[in-house]
Amino acid sequence: MVDRLFRYMKIAIRPADLKEDKDLLIATLGRYLTSSSNEERFRWLYERNPHGQARAWLAEDSASGATVGASAAFPRQILVNGSEATGWVLGDFCIADEYRSLGPALQLQKATLTAVEMLREATCCYDFPSRQLTATYRRMGINPIGQMIRLARPLRLDRKLQRALKFGALAQPASWIANALMRLKDISVQRGPKLDFQIHTGECGSEFTQLVDAVVERKGVQLRRSAETLNWRYLQHPFVQYQVLTAKRAGKLQGYLVFSSSSEDAQIAEWCAADNETAAALVTESVQRLRKTEAMVVSTWLLDRDPRLELLKDVGFWPRESTPVMVHWPGSGLGSQNEWLLMHGDRDS
């Protein structure tokens, strides 16, 4: 206990300079958070965000001068009941193993939130914390606004049947039958007349922004989506290859869906559609296309009170595990009671 208190007292937090401290930030994140931390990721996530540059902080051991942790905040344009504002998604929080007591984590997170509160344009910040960081938030008196639920749909049952059947020779024919039945369920989903589905090539243009502006909800809190954001967040991503599936009618964009596939797992990051019928058709079309890859399961994430949950259940998705979402409104907390609409792609990276 004395040793932990001593470590807590000698930790110093300072703002990071994105130019002078770039190499140090990349190395710290690579050591304590993700092996994907490199210069390409840094340029994309910290410097090229169309909503503005990131802010970052470093935790240092005052006695040795060693960097033992980091945190960051990334700007996002949001809509609060239809009005534009600036929010910040928190991320890249990490701390060295030997400093992972509640004290140092609490000190680093408090310093991060205090710094974000001082930003003139900051309306609120949100986070998808780990279990340990969730405890830190609770210690600060910040509780979850809800749970982010993973909804999953199997694409093929080969893996499950191989595990379930004792005789391997039975697994393959059983898989054929089970997979065929799942494809039949896709066909049963009603599709709008004359919808043309295509994988979008090149950058997203103004038609994407126009679609979003036409269908955006005027209630609650959500990210302000645009063609510029889609291009940066997905098409320019340094290590995840996203595809943008479009639905058009008579040449006019009716909806889009962003998905990725890696090894045996696929993700739907976000979608936007003129109506629920088009949205369901987009999800179903993406499932059919993903069946042709190596992916066994496709997943997506929504908040537990999101009305779009029912749409996903109707097309064969089932709730799985959940993680908390934290929201902090500086000052009066104006708008803190609003419902949030978040998707997988609304995370920091």
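**Note on the predicted model**

1. Of the 349 residues in the chain, 53% are buried. Here, buried means under 20% relative accessible area, exposed means over 50%, and partly exposed lies in between, with a 1.4 Å probe and protein chains only. The model is a predicted one, in which local features need pLDDT of at least 70 and side-chain atom pairs count only at pLDDT 80 or more, while totals for chains, interfaces and linings use all residues. Residues are numbered from 1 along each chain as its sequence is written, and side-chain values use heavy atoms, with hydrogens and water left out.

2. Eleven helices and 14 strands are found in the chain. These elements are DSSP runs numbered from the N terminus: helices are H or I with at least four residues, and strands are E with at least two. As for contacts (heavy atoms within 4.5 Å), 72% of those between residues at least 6 apart in sequence join residues at least 24 apart.

3. Which residues have the most contacts inside the largest nonpolar core? They are L25, Y46, V116, Y126, W340 and L342, in a core of 58 residues. A nonpolar core is a set of buried Ala, Val, Leu, Ile, Met, Phe, Trp, Tyr and Cys residues joined through side-chain atoms within 4.5 Å. Leaving aside residues up to four places away in sequence, W340 touches C124, Y126, I145, V221, L303, V327 and W329. A second, separate core has 29 residues, among them A247, F259, V287 and A295.

4. The aromatic rings deserve a separate point. Eight aromatic pairs are found in a search of the whole structure. Rings of Phe, Tyr and Trp (its six-membered ring) pair if their centres lie within 6.5 Å; planes under 30 degrees apart count as stacked, over 60 as edge-to-face and the rest as tilted. The pair of Y126 and F128 is edge-to-face, because the ring centres are 5.8 Å apart and the planes are at 85°. Y126 and F128 are both buried.

5. W329 and W340 also form an edge-to-face pair, because their ring centres are 6.2 Å apart and their planes are at 70°. This pair links distant parts of the chain, eleven residues apart: W329 is in the loop between β13 (318-328) and β14 (340-341), and W340 is in strand β14. Both W329 and W340 are buried. One aromatic cluster is formed by Y126, F128, W329 and W340.

6. R347 lies over the face of F128, 4.6 Å from the ring centre. The charged end of R31 is placed over the ring of Y32, at 5.6 Å from its centre.

7. Helix α10 (residues 276-290) has 15 residues and reaches 21 Å from its first C-alpha to its last, close to the 21 Å expected. The expected span of a helix is 1.5 Å times one less than its number of residues. Eleven of the 15 residues of α10 are buried, so the helix is largely enclosed by the rest of the structure. The buried residues of α10 include T278, L282, E285 and V287. At the start of α10, a side-chain oxygen of D275 comes within 3.2 Å of the backbone nitrogen of E277.

8. For helix α4 (residues 102-117), the end C-alpha atoms are 22 Å apart, which agrees with the 22 Å that its 16 residues should span. Among the buried residues of α4 are P104, L106, L108, T112 and V116.

9. Is H51 buried or exposed? H51 counts as buried, because its relative accessibility is 18%. H51 lies in the loop between α3 (39-47) and β2 (55-61). The side chains of H51 and T229 are joined by a polar contact of 3.2 Å. Such a contact is a pair of N or O atoms within 3.5 Å; within protein, one must be able to donate a hydrogen and the other to accept it, and residues adjacent in sequence count only if both atoms are side-chain atoms.

10. A250, in the loop between β9 (242-249) and β10 (252-262), counts as exposed at 83% relative accessibility. The C-alpha atoms of A250 and L195 are separated by 8.0 Å, and these residues are 55 residues apart along the chain.

Definitions and conventions: Lys NZ or Arg CZ within 6 Å of the ring centre and 35° of its normal.
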